[in-house]
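Dear colleague,

Please find below the structure that I am handing over to you. My notes on what was found in it follow directly after.

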Amino acid sequence: MVTELNDIRLEAVGRRYGGHAIVDAVDLTLHPGELTAILGASGAGKSTLLRLIAGLEPVSSGAIRHGGTLWSDTRHTVPAEHRRVGLVFQDFALFPHLSAARNVAFGLAHLDRSEARKLSLSWLDRLGLSARAEAYPHELSGGEQQRVAIARALAPSPVALLMDEPFSGLDPERRDGVRETTLGLIAETGVPALLVTHQPEEALRHADKVAVMSGGKLLQCAAPHDAYLRPSDPVVAAALGPVSLLGMFPVSDGRVDTPLGPLAVPPSIQDGRVTMGLREGALSVDAGGTIEARIVGAALPGAVFRVPVSVGDLGLEAVLQDEEAALVAGATIALRLNPRRLLWFQS
């Protein structure tokens, strides 16, 4: 079956239960060849949005289109089985009475049995599961089950792939390898793909676009680098990783006076008041730095050494580049500020 790859466009899409908006006026476009990751706290509306795109629920407002075809509006809904969308969920939802090969072939009823089996085995081979084709789900590891679920979703040549926390049930030591394999294969197919996740690292590392939802609203959708270093508001910033908010400061002539010293604000910031935040790594221990701080605790071990410090009344954290440096609680040290890791929010 030849698949025509088109954008999937959500236009002011909403979903209400009673008087409560679970999804609220969302505009979003899924492009062929791109993986869009959606982040947000539980109850933000992420999974409901996925179900609306899949056709598992009707929209309460707005419209969803695939290319020039209307999939959903308030008067019309194309059923899920007619949208040809691949779905992968956290529990994988494999049929326990079918082998891996037959699970993959389940969506290939339009082919004769021999063709369906040949295509099923081809997909299992692409995912490194040729030797497990006749195994049943209970005989497969979590990572193997997940790859079978991906193969089953991709085998019918879907127009899009929608995934809801597909890697969260895997053991941490297996998760990275399975994720790399499956997302790499999805990218090869060129289909628009949507990944619902709670893990900012997963979204920032693997997605082409990162979307953040809160209270049913889509707050920002941008390339990972832009979303992380130029979030639209503090909620987006916090969803994508640790951030320290230093407070609100008045802007005068393009500058603000802060506990870290006078700083220039971006040209886009107008006079008024601005909230300043620091991304992880904004402050580093550096003998040539100009910010005086006091060490309030020991460096925390890990991939990055972090030093709890105080600057005036502010409790902050600095990155230690040289873990051999002697740091003693109560000692005064110099810090350097990386302006690329400053966040500014117009108030």
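R9 counts as partly exposed, at 27% relative accessibility; here buried means under 20% relative accessible area, exposed over 50%, and partly exposed in between, with a 1.4 Å probe and protein chains only. The model is a predicted one, in which local features need pLDDT of at least 70 and side-chain atom pairs count only at pLDDT 80 or more, while totals for chains, interfaces and linings use all residues. Residues are numbered from 1 along each chain as its sequence is written, and side-chain values use heavy atoms, with hydrogens and water left out.

R9 takes part in a salt bridge with E11, at 3.6 Å from N to O. The term salt bridge stands for a side-chain nitrogen of Lys or Arg within 4 Å of a carboxyl oxygen of Asp or Glu. E11 is likewise partly exposed, its relative accessible area being 28%. Together with R65, the residues R9 and E11 form a network of salt bridges.

In total, the structure holds 16 salt bridges. Among them is the pair R75 and D73, whose closest N and O atoms are 3.7 Å apart. R75 is exposed, with a relative accessible area of 75%, whereas D73 counts as buried at 12%. Another is formed by the side chains of R230 and D226, at 2.3 Å from N to O; D226 is partly exposed, at 30% relative accessibility.

Turning to the strands, there is an open sheet of 3 strands in the order β11-β14-β20, paired antiparallel. Strands are DSSP runs of E with at least two residues, helices are runs of H or I with at least four, and both are numbered from the N terminus; two strands pair if DSSP finds at least two bridges between them. β11 (243-251) and β20 (342-346) are the edge strands, each with a single partner, so one side of each has no neighbour in the sheet. β11 is joined to β14 (residues 272-279) by 8 bridges, and P250 stands opposite R273 in β14.

Two backbone angles may also interest you. Most residues other than glycine have a negative phi. A25, in strand β2 (residues 20-30), has a positive phi near 50 degrees and is partly exposed, at 44% relative accessible area. S157 has a positive phi near 55 degrees and lies in the loop between α4 (142-154) and β7 (160-164); its relative accessible area of 27% makes S157 partly exposed.

With kind regards
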